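Hi,

Here is the structure I promised to pass on.

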Amino acid sequence: MSTTPNTTAKSSRVIDDELQKVFNQFDANKDGKISVSELRDVLKAMGSSYSEDELKRVLEDIDTDKDGLIDLSEFSTLCRSASDEVTAALEMRDAFDLYDQDKNGLISKKELHLVLNRLGMNSSVDDCARMIKSVDSDGDGNVNFEEFQKMMSASLMNSDKGSKP
């Protein structure tokens, strides 16, 4: 019986190889560590400008072994957490798009009503209008993406509080 390569392990190696390449771009002197000045130089080349204090704060957050430098493991952790944030943002956008039926960037009371009822959550248009009013910070009678994010974040925080003893 033949075995096929584990695709998860293979994709993990590809990601690790890509992380190594990016890390090497930052590590100008090739000592296996990224210093504050190397970090500044690469960010500057990419068009970003940060003060020395800002860079030191970033380094302190990333530098778990507190040697004043970023090694590949710390860099990998940083990149993976940034990737998780991007994934969460994309999932939030997908959830918003589910409700934004006409794709105009707003969720109306009719769209909310339609989707909630499709999901088996029986509610009237008036109920939906009340729900929207509670998060409608600009008063336009709709929920835009920013308002949706605030609503979902508040909802997640409230559900976390309820699960703690």
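Please keep in mind that this is a predicted model.

Let me start with the overall layout. The protein chain has 7 helices and 2 strands, and along the sequence they come in the order α-α-α-α-β-α-α-β-α. Of the 165 residues in the protein chain, 24% are buried. The accessible surface of the protein chain is about 11,600 Å², with 55% of that belonging to carbon and sulfur atoms. I also looked at contacts between residues at least 6 apart in sequence: 39% of these join residues at least 24 apart.

The structure holds 5 aromatic pairs. One of them is Phe-96 with Phe-145: the ring centres are 5.4 Å apart and the planes are at 80°, and because planes over 60 degrees apart count as edge-to-face, that is the label for this pair. Phe-96 belongs to helix 4 (residues 72-99) and Phe-145 to helix 7 (residues 145-163), so the pair links parts of the chain that are distant, 49 residues apart.

Phe-148 counts as buried, at 3% relative accessibility. Together with Tyr-99, the residues Phe-96, Phe-145 and Phe-148 form one aromatic cluster. Phe-145 has a charged neighbour as well: Arg-93 lies over the face of its ring, 3.8 Å from the ring centre.

Helix 5 (residues 109-118) is worth a look next. Which of its residues are buried? They are Glu-111, Leu-112, Val-115 and Leu-116. These residues cover an arc of only 125° around the axis, so they sit on the same side of helix 5. Just after helix 5 comes Gly-120, which takes a positive phi of about 85°.

If you open the model, you could begin with the cluster of Phe-96, Tyr-99, Phe-145 and Phe-148, then turn to the buried residues of helix 5, including Glu-111.

Best wishes

Conventions
Residues are numbered from 1 along each chain as its sequence is written. This is a predicted model: local features need pLDDT of at least 70, side-chain atom pairs count only at pLDDT 80 or more; totals for chains, interfaces and linings use all residues. Side-chain values use heavy atoms; hydrogens and water are left out. Rings of Phe, Tyr and Trp (its six-membered ring) pair if their centres lie within 6.5 Å; planes under 30 degrees apart count as stacked, over 60 as edge-to-face and the rest as tilted. Helices (H or I, at least four residues) and strands (E, at least two) are DSSP runs, numbered from the N terminus. Buried means under 20% relative accessible area, exposed over 50%, partly exposed in between (1.4 Å probe, protein chains only). A charge sits over a ring if NZ of Lys or CZ of Arg is within 6 Å of the ring centre and within 35 degrees of the ring normal. The arc is that of the directions from the helix axis to the C-beta atoms. Contact means heavy atoms within 4.5 Å. Accessible areas come from the Shrake-Rupley method with a 1.4 Å probe; for residues, only the protein chains shown count as cover.
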